Amino acid sequence: MAAKRTMTLNLSGQEMAVLEKLAREEGITKTALMRQALRLYQSMHARVKRGEKLFSEGRANKEKSELVFIGLPE
């Protein structure tokens, strides 16, 4: 594994509250949650750059909604 590097991340109070709540719900550290979020974003970004579309599907009604990323090429 590559050497780890440290960074400072400034979040609003609301953003920090969301981060803490999600980490608590998942039973992981805030750092682990941020790493997962970065990997998820990286994966979705790569798919959008390849021209793929991303969808979410409702569990009950199977309704699909396209996920749109602002600022990414279509």
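Numbering starts from 1 along each chain as its sequence is written, and side-chain values use heavy atoms, with hydrogens and water left out. Since the model is predicted, local features need pLDDT of at least 70 and side-chain atom pairs count only at pLDDT 80 or more, while totals for chains, interfaces and linings use all residues.

**Exercise 1. Sketch the fold**

Work out which pattern of helices and strands the chain follows along the sequence.

- Step 1: Count up the elements, and you get 2 helices and 2 strands. These are DSSP runs numbered from the N terminus: helices are H or I with at least four residues, strands are E with at least two.
- Step 2: Read along the sequence, and the pattern is α-α-β-β.

**Exercise 2. Check the hairpin**

Find out in which sense β1 and β2 pair, and where lysine 62 sits.

- Step 1: β1 (54-57) and β2 (64-67) are the strands on either side of the loop that holds lysine 62.
- Step 2: The two strands pair in the antiparallel sense over 4 bridges; pairing takes at least two bridges found by DSSP.
- Step 3: Take one facing couple: leucine 54 stands opposite leucine 67 in β2.
- Step 4: Now look at the 6 residues between the strands, where lysine 62 takes a positive phi near 60°. Most residues other than glycine have a negative phi.
- Step 5: Lysine 62 is exposed, with a relative accessible area of 53%. The cut-offs are over 50% for exposed, under 20% for buried and partly exposed in between, using a 1.4 Å probe and protein chains only.

**Exercise 3. Size up the chain**

Compare the radius of gyration of the chain with that of a compact globule of 74 residues.

- Step 1: The rule is 2.2 Å times the number of residues to the power 0.38, with the radius taken over C-alpha atoms.
- Step 2: The C-alpha trace spans about 35 × 30 × 25 Å along its principal axes.
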